[in-house]
Structures are given as C-alpha cells and as structure tokens.
Amino acid sequence: MQLTNRSKQVSNKEMTLAEKMYLPAIAQGLAITIKHFFQKKPTIQYPEVKRYLGPIFRGHHVLKRDEEGRERCTACGLCSLACPAEAISMVAAERKKGEENLYREEKYAAVYEINMLRCIFCGLCEEACPKQAVYLRHDRFVPVFTERDQVIYGKDRLVEQLDDRYVRTGSEVRATPTEPTLSRSAT
Amino acid sequence: MEDNKPQLFKVTIDNIEVEVEPGTTILQAARKIGGDVAPPAMCYYQPLKGSGGKCRACLVRVAAGSAKDPRPMPKLVASCITPVQDGMVVENTTSQQVLDTRKGIVEFLLINHPLDCPVCDQAGECDLQNFAFKHGMATTRYEEDRRTFDKQDIGPYIQLHMTRCILCYRCVYTADQITQKRVHGVLGRGDAAEISTYIEKAVDNEFSGNVIDVCPVGALTDKTYRFKNRVWFTKPVDAHRDCPTCSGNVTLWYRGDDVIRVTARKNEWNEVTEFICNTCRFEKKKTSDWVIEGPTKISRSSVISVNKYRRDTIKPDFQRKLAASSYTDVDDERDTSQLGIQQLPPERFAQLPHANDPEP
C-alpha cells in the first residue's frame with residue numbers, strides 16, 4: 001500500500017572495512033567538536049548581558065513629558081479605547097492654577113493604570129495617542145513579576161523620569177505615518 | 001367642487017422618489033427617506049423654530065426645480081430652508097459637486113475650531129466631529145492663529161467655551177423658546193461674533209440646561225460632568241421620573257453604578273424633541289430617583305457602542321461593503337495531483353463521508 005509518493009528506497013548493504021573500523025568517523029566527529037572551541041560563542045549571558053532588541057521592539061510603556069517636563073497625557077481615553085485587551089484605565093482631572101508646569105493641557109490624567117497581565121504589547125495605544133504621550137520603549141522590557149499586586153502599573157512607574165528620558169532612536173520608525181518627531185511640541 | 005385635500009408633491013432625491021406635503025423642506029423630505037440620503041445638518045434643528053440656513057453643511061444640488069420649470073437651480077441650495085416643489089429632482093450624495101463643496105464647508109467650519117477633542121467633553125457625540133470625519137480632510141491648511149476667548153461660567157451649571165463655537169444659533173433659538181426675556185443672541189461680527197448677554201438672562205430659567213444638548217459642538221457643556229469621563233466609557237440608559245415641570249424622559253449615563261450625567265433623549269438625527277428641566281438634568285443623579293426603562297439604542301457605528309456588547313446590536317455595513325468592493329475570484333492553480341492519494345487504511349477510508357466522491 002502506498003501512502004505517499006515521497007517514499008525512499010532504503011538499502012541495507014554491508015559496510016566496507018574502513019567503515020567497520022569507525023576510527024575515521026570518530027576523528028571526524030572530534031574535529032567538529034574542536035572546531036567549535038575556537039568559534040565565537042553565540043550564547044548571550046542573559047540577564048547579565050542584554051541583546052539589542054531592534055528599533056521597533058515594543059516593551060515597557062512610558063508616559064512622555066514634553067521638553068519643559070510637563071506631562072503630555074491629557075486623559076482623552078483613546079488609548080484605552082484602542083486597546084484590544086482593555087488593559088488601560090484612567091481618571092481625568094482638571095489642571096488647577098499653578099500646575100501649568102506639571103501638565104501641558106487643561107485636563108490631565110490623575111490616575112493612569114495599565115494592567116500588565118492584560119497588555120499584549122500590540123502598540124495600538126501608541127498609535128492611537130493624539131498627543132504623542134504614550135510610547136512603548138524599544139529598549140526596555142516590563143520586568144518579570146511574581147505577585148498579583150505588582151501587576152497594575154500606575155503613574156509612578158509609567159511617567160518618564162526627567163533623568164531617564166526616553167528618545168526613540170531611528171527617526172524613520174514612527175507609530176503612525178503622520179506622527180511628528182518625538183521632540184516636537186504638539187499644539 | 002374644489003378638492004380641499006392638500007396635493008402631495010413628488011420629489012426625487014438621489015434617484016429615490018418620495019411624496020411629501022407642500023411646505024416641506026428638502027432636508028425633511030430626505031430625512032423621510034432616511035439613511036445616507038439625508039444631508040448633514042449642523043445648525044438646523046427641527047424642534048427649534050427658525051433654525052437653519054447658517055452652517056451650509058446641508059447644501060444640495062437641485063437638478064430640476066419643478067415639473068413646470070425643470071431648469072436646475074444655478075447654485076447649490078441649503079436644503080434645510082428650501083421648500084420642495086412638485087417634480088423637484090435633488091442630488092445629494094450622487095453629485096460630486098455637492099461632496100466637494102461639503103469638504104470645503106468642513107474646512108471653513110474648522111478654521112476657528114480648536115483641535116482640542118482630546119480635552120473636550122463633547123468628543124464622541126459631537127456633530128462637528130462626525131461631520132468632519134465623514135466629509136473632511138485629515139489635515140488642515142490653515143496656518144494663521146485661531147480666534148480665542150476665555151471660557152466663561154454661565155450660571156452654576158453651564159460652561160461656555162466660545163473658542164469652540166461655530167455660531168449655529170441653536171442655543172439662541174432655544175433661549176427664544178424657553179424665555180421671553182432674551183435680549184441678545186450673538187454679539188459682534190465676523191471673527192468677533194460671540195454668544196453672550198442673552199444667555200445670562202436665560203440661565204435662571206428652569207429649562208436653560210437644554211442649550212447643552214442642543215449645542216452641536218462642545219461650546220456649551222455641563223459643568224457637573226466636566227472632565228468626569230469620556231462619553232464612550234459611559235453606558236446610556238433610558239429612564240423616566242414623575243417630574244412636575246417637564247416630561248421626565250431622559251437618558252442616564254452610567255459609569256459603573258453611578259449616574260454621572262443626565263441628558264434629554266435624542267432621536268436618530270441627534271435632535272432633542274422633549275426638553276428636560278434643570279432639576280432632572282443636574283440634581284437627580286441617583287439611580288433611586290429614576291425608573292429605568294432599558295439601555296438606549298446606540299448606532300453600532302457610534303463610538304459610544306464600543307466595548308458594550310449586546311446580542312441585538314446591528315453592525316455597520318461599512319466592512320461588508322468594503323469586503324464586497326475588494327472581492328476578487330481566487331485563482332487556484334495549485335497542484336492537486338496528490339490530493340486524491342489515500343492515506344488511511346481502506347476500511348477506514350470507506351467510512352468517510354466523502355469517500356465515494358469523484359476524484360478532484
């Protein structure tokens with residue numbers, strides 16, 4: 001019975017004397033092993049050494065500040081609307097007098113939470129953001145968590161620190177075709 | 001004997017014939033047909049007497065004036081204030097000229113309108129947003145400074161953002177309808193035109209809150225709802241209560257278990273037919289105040305329906321139309337020579353339902 005037409009004829013012929021000695025085959029095998037001693041090691045010693053993830057990697061979320069250090073997010077809700085996993089939630093608040101150096105728009109996100117168990121790192125929030133406020137860092141992972149209470153990231157872990165600004169390298173990488181550069185202040 | 005029955009006029013709008021009474025406007029006739037045939041309206045508001053004719057969003061082409069005089073009208077006409085005539089032929093979406101003009105109208109309306117939809121509370125249920133999304137361009141060509149005004153509190157409940165106003169006069173007519181004491185509507189001219197004066201006079205009226213619902217943009221907004229939440233995260237529910245001053249039929253907007261906003265009910269053209277009083281709108285924000293009737297019907301294409309799952313939602317046919325327009329027959333010329341080779345033992349192969357079908 002023929003199952004497929006890809007069957008191969010197998011021969012069972014006697015080995016020659018050279019083959020019976022096995023020594024050439026052992027030497028050949030050893031040569032391969034020794035060759036690898038002198039080759040460059042492909043293993044990367046994670047986590048001590050981290051590999052470059054590429055310019056379009058989508059990792060840790062960051063809520064950008066503008067050049068003057070004001071938060072860009074205006075709590076418009078488009079990121080959580082675009083989120084297919086419904087991972088983002090926020091509470092808006094009105095900017096008070098004297099807070100103009102903290103928030104760029106008259107409305108800001110008082111609470112901004114991303115549930116990292118839900119997030120699938122699709123980057124749709126970044127694409128949806130009209131204020132270029134939320135970005136997925138190309139250079140940093142969300143660290144491993146072991147407890148459930150570490151899972152929801154609030155503004156304390158999302159807002160960009162002023163001594164640790166995020167700049168996306170590679171100006172050709174843009175979330176949307178119409179996106180201005182990262183440094184431009186939107187009107 | 002004279003026939004006292006009013007003769008019905010036959011009008012053809014976008015190749016669809018409809019019979020309407022004399023005195024109907026083109027817009028109302030088109031709305032009778034419904035769907036895409038109805039021109040958009042930014043200033044016209046059916047329940048408000050005298051509204052319409054200002055925004056030019058509803059411009060249509062009249063290809064034949066009437067049966068007696070079938071010459072086309074020389075210019076596009078505003079369909080909300082042009083009455084129909086017998087045998088009139090109107091082109092709305094079928095005329096490229098109308099669509100091009102509408103694009104220009106959007107551009108003009110947006111010239112002084114700030115791009116603050118992310119901040120604006122009206123976003124998601126904004127007529128101008130829908131209109132611009134449907135007919136406008138994605139970018140602006142306008143480079144000059146937009147006119148700016150300070151925001152004003154009108155009474156304890158209403159806030160006026162004059163920068164967002166498109167001067168549709170709807171609130172002026174609302175004030176006309178609810179009070180006799182209106183002094184002025186829009187002050188100033190051109191760029192400096194500004195709604196004022198009258199509104200402070202009308203604000204002590206029991207029905208002043210309706211200017212919020214009537215406003216097509218976010219110029220007049222509810223102060224008790226300011227920045228509370230985005231429209232599409234709230235859940236609309238129809239409810240009523242026994243109100244001594246108004247009909248009491250409202251829509252409650254829920255966030256979780258809390259009523260965060262109360263508005264009047266809107267019909268399919270986004271128009272309020274029953275005005276509600278300020279007590280209902282601003283003060284009754286507990287579920288116990290209301291008798292719940294059920295979820296409000298929201299068009300599936302509206303952003304408000306996002307993340308709300310109901311079995312009876314009607315999906316928009318945009319995707320279906322897109323799929324149908326891009327459908328092509330698949331050119332399947334794969335090698336089928338191996339498909340017929342039997343891989344199962346013959347006794348099991350014979351049990352398969354398709355075993356006796358002819359070879360492909």
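Biologist: How many helices and strands does the secondary structure of chain B come to?

Modeller: Nine helices and 14 strands, where helices are DSSP runs of H or I with at least four residues and strands are runs of E with at least two, numbered from the N terminus. Mind that this is a predicted model, where local features need pLDDT of at least 70 and side-chain atom pairs count only at pLDDT 80 or more, while totals for chains, interfaces and linings use all residues. Residues are numbered from 1 along each chain as its sequence is written, and chains are lettered from A and ligands numbered from 1 in the order in which they are written.

Biologist: What makes B:Met42 and B:Cys58 stand out in the largest nonpolar core?

Modeller: They have the most contacts inside that core of 68 residues. A nonpolar core is a set of buried Ala, Val, Leu, Ile, Met, Phe, Trp, Tyr and Cys residues joined through C-beta atoms within 7 Å. Buried means 20 or more other C-beta atoms within 10 Å of a residue's own, with C-beta atoms placed from the backbone.

Biologist: Why does this core lie between domain 1 and domain 2 of chain B?

Modeller: Domain 1 (9–104) and domain 2 (112–293) both give residues to the core, so it lies between them. Those bounds come from an automatic or database domain assignment.

Biologist: Which residues does B:Cys58 touch?

Modeller: Leaving out residues up to four places away in sequence, the partners of B:Cys58 include B:Leu27, B:Tyr44 and B:Cys80. Contact means C-beta atoms, placed from the backbone, within 7 Å.

Biologist: And how many residues of chain B are in contact with chain A?

Modeller: 12 residues of chain B, against 16 residues of chain A.

Technical notes: Contact = placed C-beta atoms within 7 Å. Buried ≥ 20, exposed ≤ 12 C-beta atoms within 10 Å, placed from the backbone.
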